[in-house]
Amino acid sequence: MKKRNLLLIVAVLGIAAGTAYITRSSWTGGGSTVQGIQRPRIVSVDLASAERRSVPVDVDAIGTVSPISSVALKSRLETTIVSVHFEDGARVNEGDLLFILDARQIDAQIEQAEGVLARDRAQLEGAQRDLRRYTELVGKGATTQVNLDNAKTQSDVLIGTIKADQSALDNLRVQKSYTLIRAPFSGRISAANVKVGNFVRPADTQPLATINQMAPVYVTFAVPQRALVDLRDAMGKGDPKVVATIPGHRRSEQGKVAMVENTVDATTGMVTVRGIMANENETLWPGTIVQTKLIIRSEDAVVVPTVAVQRSQNGNFVFVAKDGIARVRPVKVDRTFQGSSVISEGLSGGESVVVDGQLLLSDGSRVEPRARKAGA
């Protein structure tokens, strides 16, 4: 009996539940009314402002660093190294003493030349005394004109001999100066290829050492020929800037254009440009490959984040948000610059553009800006 009563209760509850489900529209106020008052969907998006500001017109390229001056030090004499006066890789200043060569043989030749010069000067003094004496005797009729002419000839010969002696002596002194090798300009010197006691000669192919000028330096790179006209115009109005950065580092050097090659490479359509960098801190090392940026000029333009620009079959466009409504705005992109796009047509500056959430939007969609995260 109890089991039958339990089944009866369950059946009654099931019938009541089914009736309530079937008549739900009547006691909930009607399904059509609920659907009629649903609010349209609002899409949460990230917004950014279209800014009008000065934007540089630049060209990126890969360049190489080269010294303005580089010299390979070599001996002009056949002799031996007496001393080395620098540390390998050190910075040297103009006029610093670097090498001293053995000069004993030249010193002996100089002393010999000085002795010959002293002898000939003494002979000249005697010839000039004879010339003065014969001149007086001819005036008195005590000697012939021939003797006077011979005395004058001897004096002239000795004058020429002394000039030759002096030239020989000067040449030896110049040779002596070659035994002291000094830095012709300031820069960094390489490791010395010779040590004390090594024999050197002018015919040696390997230099004693090499000096590279470190400040300033050249940075050479190539730009497309389409940038050549703008570059030349900018050079006429002012100095275009060149920025060289070492890959993987934030340190960079800034300079100006020093030279543009007079021909365009017909095989690549590129023209070589050389920039001169102050490099006072020796950031750029000769031979280094660097990232270069040629800043031709700056111009006023409207800039938006590149992620805001969308593409379709009809061209580029952005979603402009105003009064909570997103509208499609066709735009023309002139170029990109450091994650931003330069807009030449379609925006005037100050508009709010959608930078995230565009996939859920269409023309006329309702939008609301997302709350910015802390620290964003």
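Trainee: Where is the place of D323?

Mentor: D323 sits in the loop between strand 17 (315–322) and strand 18 (325–330). Helices (H or I, at least four residues) and strands (E, at least two) are DSSP runs, numbered from the N terminus. This is a predicted model, where local features need pLDDT of at least 70, side-chain atom pairs count only at pLDDT 80 or more, and totals for chains, interfaces and linings use all residues. Residues are numbered from 1 along each chain as its sequence is written, and side-chain values use heavy atoms, with hydrogens and water left out.

Trainee: Why is D323 called exposed?

Mentor: Exposed means over 50% relative accessible area, buried under 20%, and partly exposed in between (1.4 Å probe, protein chains only). D323 has 73%, so it is exposed.

Trainee: What makes the phi of D323 worth a remark?

Mentor: Its value is near 55°, which is positive, and D323 is a residue other than glycine. Most residues other than glycine have a negative phi.

Trainee: Which loop holds N279, and why is N279 called buried?

Mentor: N279 lies between strand 14 (270–277) and strand 15 (289–305). Its relative accessibility is 0%, so N279 counts as buried. N279 has a positive phi too, about 55°, and is not a glycine.

Trainee: Is the peptide bond from A215 to P216 cis or trans?

Mentor: Omega is near -5°, and the bond is cis. Most peptide bonds are trans. P216 is in the loop between strand 10 (209–212) and strand 11 (217–224).

Trainee: What makes R119 partly exposed?

Mentor: R119 has 48% relative accessibility, so it counts as partly exposed. It lies in helix 4 (residues 104–140).

Trainee: Why is S155 called buried?

Mentor: Its relative accessible area is 4%, so S155 is buried. S155 belongs to helix 5 (residues 145–177).

Trainee: Which residues is S155 in contact with, leaving aside neighbours within four places in sequence?

Mentor: L124, A127 and Q128. Contact means heavy atoms within 4.5 Å.

Trainee: In what order do the four strands of the open sheet stand, and why is one side of strand 7 left without a neighbour?

Mentor: The order is 7-6-4-9, with antiparallel pairing. Strand 7 (180–182) and strand 9 (199–200) are at the edges, each with a single partner strand, so one side of each has no neighbour in the sheet.

Terms used. Pairing = 2+ DSSP bridges.
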